[in-house]
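The sequence and structure come next.

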Amino acid sequence: EKGMKSLWKVWFSKRRNIYVQIARKHHSTPWRVYHLGHGGVSKSNKDIKILEELQQNGVISQIYPW
């Protein structure tokens, strides 16, 4: 149920193309990118690089260190 909900949020997001593009570049999934961009906890250096890219694309304004 919860996974399906986030799938729809990503699919209908106006930023879907950004999520997909960043996911491909970092060998991740659009859902992971979306999750990180919406307050998900970063667990690796790859996640931090994704967050930096989201910030450069104006999706998030600030990266909070854990």
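Arg32, Val33, Leu36 and Gly37 of helix H3 meet Asp47, Ile50, Leu51 and Leu54 of helix H4. By class, the residues of this H3 contact with H4 are 5 nonpolar, 1 polar and 2 charged. The model is a predicted one.

H3 covers residues 30–37 and H4 covers residues 45–56. They pack at an angle of about 70°, and their axes are 10 Å apart. Angles of 65 to 115 degrees count as roughly perpendicular, so H3 and H4 are roughly perpendicular to each other.

H3 also packs against helix H2, residues 16–25. Here the axes come within 8 Å and cross at roughly 110°. H2 is therefore roughly perpendicular to H3. The crossing of H2 past H3 is right-handed.

Which residues make the contact of H2 with H3? Tyr19, Val20, Ile22 and Ala23 come from H2, and Pro30, Val33 and Tyr34 from H3. This contact has 7 nonpolar residues, with no polar and no charged ones.

| Pair | Axis distance | Angle |
|---|---|---|
| H3 and H4 | 10 Å apart | about 70° |
| H2 and H3 | within 8 Å | roughly 110° |

Ser44 sits in the loop between H3 and H4. Is Ser44 buried, exposed or partly exposed? Its relative accessible area is 31%, so Ser44 is partly exposed; the partly exposed class lies between under 20% for buried and over 50% for exposed. Ser44 and Lys9 are 35 residues apart in sequence. Their C-alpha atoms are 24 Å apart in space.

Terms used
Residues numbered from 1 in each chain as written. Predicted model: local features only at pLDDT ≥ 70, side-chain atom pairs only at ≥ 80, totals over all residues. Heavy atoms only, no water. Axes fitted to C-alpha atoms, helices over the stretch in contact; angles between N-to-C directions. Helix = DSSP H or I, 4+ residues; strand = E, 2+ residues; numbered from the N terminus. Parallel < 35°, antiparallel > 145°, perpendicular 65-115°, else oblique. Contact = heavy atoms within 4.5 Å. Nonpolar A, V, L, I, M, F, W, Y, C, P; charged D, E, K, R; others polar. Left-handed = near helix turned anticlockwise from the far one by under 90°. Buried < 20%, exposed > 50% of the residue type's maximum accessible area, 1.4 Å probe, protein only.
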